[in-house]
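Here is a short note for someone opening this structure for the first time. Please keep the view at hand while reading the points.

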Amino acid sequence: MTDPVARTRRGVNALRSFLRYLEEIEEALLRRDAMRVTALMRKRTATHLPRDVREELLLLSRAPRDSLRAPVRFLRFQHRMRELARGGEALPTAQTELNFEPPAAFGVIRRRPDESERPAACDPSDEPSNSNW
């Protein structure tokens with residue numbers, strides 16, 4: 001098993017290298033160096049950027065040099081990552097692990113504990129009141 005401290009250290013180092021990558025993008029954007037932004041977006045590290053941030057960066061790399069559009073989504077994301085690093089957090093994973101129920105045996109129907117048995121086409125608001133029964 002790996003040491004949790006070492007794992008955290010690796011995560012912090014990964015976040016630091018990711019922050020350096022974001023700083024490279026920022027410098028290229030400030031210099032209006034579209035070729036550099038495009039080259040940085042082709043790196044595997046770009047997959048850690050949210051889709052809207054990637055789209056914004058590609059849009060800005062294709063915009064004219066005299067465009068006054070600011071990389072707002074990118075700067076917001078960069079700020080969040082800096083705050084995580086300042087708090088000592090590790091690089092967030094791209095996907096959260098979800099706990100799923102084990103697969104049901106063939107032919108078994110699962111019901112939640114709070115579900116009562118009723119016809120499939122029944123509307124819950126049409127349930128009979130207890131006064132008539």
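## Notes on ring pairs and salt bridges

1. Tyr 21 is buried, with 4% relative accessible area. The model is a predicted one. Phe 18 is buried too, at 3% relative accessibility. Both residues sit in helix α1, three residues apart, which is about one turn of the helix.

2. How many aromatic pairs does the whole structure hold? A search finds two. One is Phe 18 with Tyr 21. Their ring centres lie 6.2 Å apart, with 25 degrees between the planes. That pair is stacked, because planes under 30 degrees apart count as such.

3. Phe 18 also pairs with Phe 77. The centres are 6.0 Å apart and the planes stand at 85 degrees, so this pair is edge-to-face. The cut-off for that class is over 60 degrees. The pair links distant parts of the chain: Phe 18 belongs to helix α1 and Phe 77 to helix α4, 59 residues apart. Phe 77 is buried, at 7% relative accessibility.

4. Take the rings together. Phe 18, Tyr 21 and Phe 77 make up one aromatic cluster. Phe 18 takes part in the stacked pair with Tyr 21 and in the edge-to-face pair with Phe 77.

5. Now the charged side chains. The count is six salt bridges. Among them is Glu 24 with Arg 36, whose closest N and O atoms are 2.6 Å apart. Glu 24 lies in helix α1 (residues 4–30) and Arg 36 in helix α2 (residues 34–41), so the bridge ties together parts twelve residues apart in sequence. Glu 24 is partly exposed at 27% relative accessibility. Arg 36 is partly exposed as well, with 31% relative accessible area.

6. Which residue does Glu 26 bridge to? Its partner is Arg 82, with the closest N and O atoms 3.4 Å apart. Glu 26 is in helix α1 and Arg 82 in helix α4 (residues 72–86), so this pair ties together parts that are 56 residues apart in sequence. Glu 26 is partly exposed, with a relative accessible area of 24%. For Arg 82 the value is 36%, again partly exposed.

7. Another salt bridge joins the side chains of Arg 31 and Asp 33, at 3.6 Å from N to O. Arg 31 has a relative accessible area of 47% and is partly exposed. Asp 33, at 25%, also counts as partly exposed.

How values were computed. Residues are numbered from 1 along each chain as its sequence is written. This is a predicted model: local features need pLDDT of at least 70, side-chain atom pairs count only at pLDDT 80 or more; totals for chains, interfaces and linings use all residues. Side-chain values use heavy atoms; hydrogens and water are left out. A salt bridge is a side-chain nitrogen of Lys or Arg within 4 Å of a carboxyl oxygen of Asp or Glu. Helices (H or I, at least four residues) and strands (E, at least two) are DSSP runs, numbered from the N terminus. Buried means under 20% relative accessible area, exposed over 50%, partly exposed in between (1.4 Å probe, protein chains only). Rings of Phe, Tyr and Trp (its six-membered ring) pair if their centres lie within 6.5 Å; planes under 30 degrees apart count as stacked, over 60 as edge-to-face and the rest as tilted.
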